[in-house]
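This report considers a ligand and its surroundings, and then the aromatic rings of the protein. Please keep the sequence and the structure in view while reading.

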Amino acid sequence: MSKTKYYITTPIYYINDKPHIGHAYTTIVADFLARLHRLRGEEVVLLTGTDENSQKNIEALKNKTGKTEEPTGKEVQKYLDEMSAVWEKTWDTLAITNDDFIRTTEDRHHKAVEEFYLRVFKKGDIYLGTYVGVYCAGCELFILESELVDGKCAIHKVAPKAIKEKNYFFKLSQYREKLLDYIESHPQFIQPQSRKNEVVSYIQKFMEDTSISRENMKWGIPIPAFATDASAGEQAIYVWFDALINYLSGVGFGGDEKKFKRIWPADLHLVGKDIIKFHCALWPAMLMSAGLPLPKTVFAHGFFTIDSEKMSKSLKNIIDPTDVARKYGNDTLRYYLLREIPFGEDGDFSFARLEERHNSDLANGIGNLAARVLAMTEKFCGGKVPSVTASTHTVEFWASPALSLGKSWASYEKAVSDFKIHDAMKTIIDVVRFGDTLIDKEKPWALAKEGMTDRINTVLYVLLETLRHIAYMSWPALPEAAEKLFAVLGVKNWNKISYEEAKVWGGLKPGTKVKAGLQLFPKIEK
Ligand code: MSP
């Protein structure tokens with residue numbers, strides 16, 4: 001039987017600078033979901049990459065060198081290679097398990113864009129027209145006069161460039177009704193639901209045919225020769241039209257058709273709320289025109305501020321995620337972002353909150369429970385998983401924890417499928433509290449004094465088994481800590497057995513050697 005596939009993407013990032021914590025957020029969430037689906041035994045493709053055919057990148061290179069003249073193709077390629085490597089390396093440092101990394105300057109992408117363009121062109125959805133309007137290079141977007149604030153782009157606070165040029169247009173407005181019908185009949189397409197109205201109102205009121213090329217753009221994919229009109233001069237494909245196609249080129253479109261058929265459509269495009277219109281209006285219309293299936297879900301998460309301030313260069317509050325990972329540990333960074341920011345909503349990043357979360361949930365939570373249980377196993381059970389004798393298979397000691405863990409798994413899975421990732425994180429800590437409470441109630445050291453060996457064995461088995469479940473639940477978020485837990489618990493085949501089997505109560509084998517002395521999350525002292 002072929003495996004269920006799960007294809008998840010992040011936006012491809014502009015590389016005019018190194019990644020900041022906002023970019024890391026999207027990528028970490030995508031990695032969390034990809035890991036979880038891998039544990040479920042699915043064929044997962046996690047795709048990320050870099051958006052390289054953007055004027056923004058060229059401007060950044062010019063700023064860096066201080067030269068006013070246009071850089072040569074070679075200089076641009078060198079800069080893009082270096083910057084793109086910085087992004088790839090960052091994702092490695094943050095333990096992102098992307099299966100591929102797509103760059104829009106790659107050959108495979110150019111081929112896919114040509115193939116896609118051909119389909120849309122053949123459909124009769126591309127025409128030559130004249131664009132008159134204003135363009136914001138920061139947004140890489142033609143903006144409407146009505147969207148300007150004091151004549152400036154509301155986001156970048158600079159006056160956009162007035163442009164009048166011949167451009168190729170995509171008949172986007174022709175897809176208005178089809179898009180509205182699709183959104184209406186596929187409630188899972190735009191998530192969270194609260195974003196749906198924003199997209200629908202844009203499609204109804206503002207969406208027009210869109211220019212998909214730029215005149216005299218040296219850097220960019222040229223309009224394929226079969227579709228050119230001499231009167232238009234040299235034109236390159238508009239960066240968003242080009243960039244969206246990465247979701248196809250990254251899984252074989254225009255090259256490996258077999259792979260493409262198996263993996264496409266995407267199960268989830270994860271994006272920030274700033275780029276939802278591109279993903280929920282332009283992109284599905286492009287796919288409809290090309291005769292390709294639509295992604296199942298586009299989820300837009302919120303933005304976060306830093307200590308309640310907008311992240312910006314002028315405020316000098318841009319956070320490099322690798323600095324945070326180095327200082328606090330990668331697991332702590334990942335956990336904090338997943339737990340603290342209600343997924344889908346705006347949030348705030350604060351080092352004070354990160355330290356609090358680290359101490360309460362990780363150091364005093366998972367770390368402390370693990371250290372105590374392993375030390376007690378060493379002391380009272382000779383450092384081995386104890387056997388539980390039939391006489392102690394009581395409802396209180398056996399069925400009840402099994403039931404409680406079963407319920408925790410159900411809430412964890414429900415939270416994930418409802419995209420409430422922050423709640424899934426909370427469930428892990430609830431399981432930790434269950435273990436803490438059992439220790440407080442049973443006091444194994446007191447049982448030892450009374451020589452109640454059977455009861456100690458049962459209690460410690462339950463606690464060790466609880467740790468095994470915590471390791472499974474937390475691996476997608478806390479891979480380093482979870483793998484250490486599997487190692488000390490002597491669980492060797494943790495990623496080989498089926499997830500369903502792993503979730504069943506009683507998986508630890510009595511007699512397995514268990515190592516004490518594990519310190520997962522040292523407490524941060526003020
Ligand atoms: N290149 C386009 C995307 C093309 S996808 C076909 C782009 N790139 S970007 O480099 O600007 O990164 C965009 C993504 O970074 C946002 O959609 C969002 O996911 C993430 N974030 C950037 N700043 C952020 C915050 N302050 N907070 C949370 N996420 C943020 O747009």
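In what follows, Ala, Val, Leu, Ile, Met, Phe, Trp, Tyr, Cys and Pro count as nonpolar, Asp, Glu, Lys and Arg as charged, and the others, Gly among them, as polar. The structure is a predicted model. By these classes, twelve nonpolar, nine polar and two charged residues make up the shell around the ligand.

## The ligand and its shell

Of the 23 residues around the ligand, those that come nearest are Ile-12, Tyr-14, Thr-26, Asp-51 and Asp-274.

| Residue | Protein atom | Ligand atom | Distance |
|---|---|---|---|
| Gly-22 | backbone N or O | nitrogen | 3.4 Å |
| Asp-274 | side-chain N or O | oxygen | 3.0 Å |
| Phe-304 | polar backbone atom | nitrogen | 3.2 Å |

On its own, the ligand has 670 Å² of accessible area, and the protein covers 93% of this area. Strand E2 (13-14), helix H1 (21-39), helix H7 (239-244) and helix H8 (246-249) are the elements that give two or more residues to the shell around the ligand.

## Aromatic pairs

A pair of aromatic rings is described by the distance of the centres and the angle of the planes. In the whole structure, a search finds 32 aromatic pairs. One of them joins Trp-87 and Trp-91, with 5.9 Å from centre to centre and 75° between the planes, an edge-to-face arrangement. Both residues belong to helix H3 (residues 73-93); because they are four residues apart in this helix, about one helical turn separates them. Trp-87 and Trp-91 are both buried.

In a further pair, the ring centres of Phe-116 and Phe-253 are 6.4 Å apart; the planes stand at 70°, and therefore the pair is edge-to-face. Phe-116 lies in helix H4 (residues 107-122), whereas Phe-253 lies in the loop between H8 and helix H9 (257-263).

Are Phe-116 and Phe-253 buried or exposed? A residue is buried if its relative accessible area is under 20%. Phe-116 has a relative accessible area of 0% and is therefore buried. Phe-253 is at 1% relative accessibility, so this residue also counts as buried.

## Charged residues over rings

Two charged side chains lie over tryptophan rings. Arg-35 lies over the face of Trp-475, 4.8 Å from the ring centre. Lys-503 lies over the face of Trp-409, at 5.5 Å from the ring centre.

Conventions. Residues numbered from 1 in each chain as written. Predicted model: local features only at pLDDT ≥ 70, side-chain atom pairs only at ≥ 80, totals over all residues. Heavy atoms only, no water. Near = heavy atom within 4 Å. Polar contact = N/O pair within 3.5 Å; in protein donor to acceptor, adjacent residues only side chain to side chain. Areas by Shrake-Rupley, 256 points an atom, 1.4 Å probe, with all protein chains shown as cover. Phe/Tyr/Trp six-rings, centres within 6.5 Å; stacked < 30°, edge-to-face > 60°. Buried < 20%, exposed > 50% of the residue type's maximum accessible area, 1.4 Å probe, protein only. Lys NZ or Arg CZ within 6 Å of the ring centre and 35° of its normal.
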